[in-house]
Amino acid sequence: MMHMRSLILLLSISLSPLIGLSQICESGIGYCDSESVLSSKILIAGGTVVNADHKEVADVYVEDGVIVDVRPNIKVSDGVRIIDATGKFVMPGGIDPHTHLAMEFMGTETIDNFFSGQAAALAGGTTMHIDFVIPVHGSLSKGYEAYVEKAKLSCMDYGFHMAITEWDDTVSKEMEIMVKEKGINSFKFFMAYKGSLMISDELLLEGLKQCKSLGALAMVHAENGDAVFEGQKRMIELGITGPEGHALSRPPVLEGEATARAIRLAAFVNTPLYVVHVMSIDAMEEIARAQKSGQKVIGEPVVSGLVLDDSVLWDPDFITAAKFVMSPPIRAAGHGKALQAALSTGILKLVGTDHCTFNSTQKSFGIDDFRKIPNGVNGLEERMHLVWDTMVESGQLSVTDFVRVTSTECAKLFNIYPRKGAIRAGSDADIIIFNPNSTFHISASSHHSRSDTNVYEGRHGKGKVEVTIAGGKVVWENDELKVVPGSGKYISMPPFNYLYNGIDKADENYLTSLKAPVNRIKPSL
């Protein structure tokens, strides 16, 4: 369920998309008020400022959406709003690298659009996300245009990845346009979803080569789609049609195989690789092995894989079980703990959500056949709290590492650091005030997603985002949102991130090592 206020605003948006922002605020139906919209000068006083590399007690002065100064005892004039952060952490807003808002998938569309999903994110301390553009009939340009239109509802900053689902010269040229003109520096290849999004090894190789030439980051959804298709048929033949069949049809070995294959193909091309939603020990160990050999491979766990286990898929209530269906599936107990350990030791680098929400009605499309259950779970609003409670409160991550895995590493990988992911002079004023002594409680009755279910229902723990500042405006405070649709900005992300350092030299060394071609004297005939 949503708050009634949320529902009224979302209805107003859908019915009157051209309403001016000031009208929305004045009408009283939006998550906004005039003070939050007009305020441009803020002093956050007395908190412990936490970056990925250090922490210090300091004040943070914000003006016109930018952090102007970070130091102790900043003096300000009248007209500056002062927020007391004594005893609390002042951190960069979270950046979620993996979301699917307003995505058309499996015969329906995700229930969260670019307003409701982002509003939920802000309530949970995430101030930017990167969403996946899906091509329209293989066309990257048409897909981009469609998502630009969807994103007009945005209330926080966002960027785009681009999926590649077909291959020809036009797609290759469009990839160049996306990188050089549209600010997209990453491309995703689905090794699963046979018959829809899945690509072949040949296409993956072509895509990896083009990513390398453009300085873009290649991303993979790593599952063996052919074997998953066979596994699904096997389950149906056995009469297993419920949500448990989803997990049984795509076991960890298929995720591990595809991860290994993608890693080896990336090594063959010598280009960096990013493996999205790492859900199993099998996949994680392939990533660790590649990193140990010196290969540039990034592993991204998602919150659901860190904190849930697949026992929920055997729940006798269909709706309860179906809400947990995602791909790769949530794994058996033990995988999550191993992924937590890999995150704490740096094998896995940053945490996403794969926020891809469907309501109970949509999930019920597969009541007689698990293959028709739309895949996806929530997480945008819950990520920061659950990572803190699971990883920091348990001693597996330090406070600075928390900032790294929820914000800074994402900013660095997608080449927007230190504009994003840092509390320093000149950075965007995307900031959270986090109280480690407060508590959080998760429920579908109080969350800000449009979904009527929540896979983390009933979870509670220590640590809470008490204030969220996005673009220099206080948008979450006293458990109230103050945001308006259309206020978010698209963040262009340039190519050639830090993973590309040394790639040219490695190519040179490879060519030298070949000792070929050999000049041979042709025998006379």
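**Close-up views of a predicted model**

View 1. Helix 18 covers residues 503–514, and its 12 residues should span 16 Å at 1.5 Å a residue.

View 2. The strands pair in parallel and follow the order 6-9-10-11-12-13-14. Strand 6 (94–99) and strand 14 (297–299) form the edges, each pairing on one side only. From one strand to the next, the twist averages 25°.

**View 3. The pairing of strand 9 with strand 10.** Six bridges join strand 9 (residues 126–133) to strand 10 (residues 157–164) in the parallel sense. Phe 132 stands opposite His 161, a residue of strand 10.

**View 4. The surroundings of Thr 353.** Thr 353 sits in the loop that runs between helix 14 (335–345) and helix 15 (360–363). Its relative accessibility is 1%, so Thr 353 counts as buried, the cut-off being under 20%. Beyond its neighbours within four places in sequence, Thr 353 is in contact with Asp 96, His 98, Thr 99, Val 302, Val 303, Gly 379, Leu 380 and Arg 383.

**View 5. Polar contacts of the Thr 353 side chain.** At 3.3 Å, the side chain of Thr 353 reaches the backbone oxygen of His 98. A polar atom of the Thr 353 side chain also lies 3.0 Å from the backbone nitrogen of His 355.

Conventions: Residues are numbered from 1 along each chain as its sequence is written. This is a predicted model: local features need pLDDT of at least 70, side-chain atom pairs count only at pLDDT 80 or more; totals for chains, interfaces and linings use all residues. Side-chain values use heavy atoms; hydrogens and water are left out. Two strands pair if DSSP finds at least two bridges between them. Helices (H or I, at least four residues) and strands (E, at least two) are DSSP runs, numbered from the N terminus. Axes are lines fitted to C-alpha atoms, for helices over the stretch in contact, and angles run from 0 to 180 degrees between N-to-C directions. The expected span of a helix is 1.5 Å times one less than its number of residues. Buried means under 20% relative accessible area, exposed over 50%, partly exposed in between (1.4 Å probe, protein chains only). A polar contact is a pair of N or O atoms within 3.5 Å; within protein, one must be able to donate a hydrogen and the other to accept it, and residues adjacent in sequence count only if both atoms are side-chain atoms. Contact means heavy atoms within 4.5 Å.
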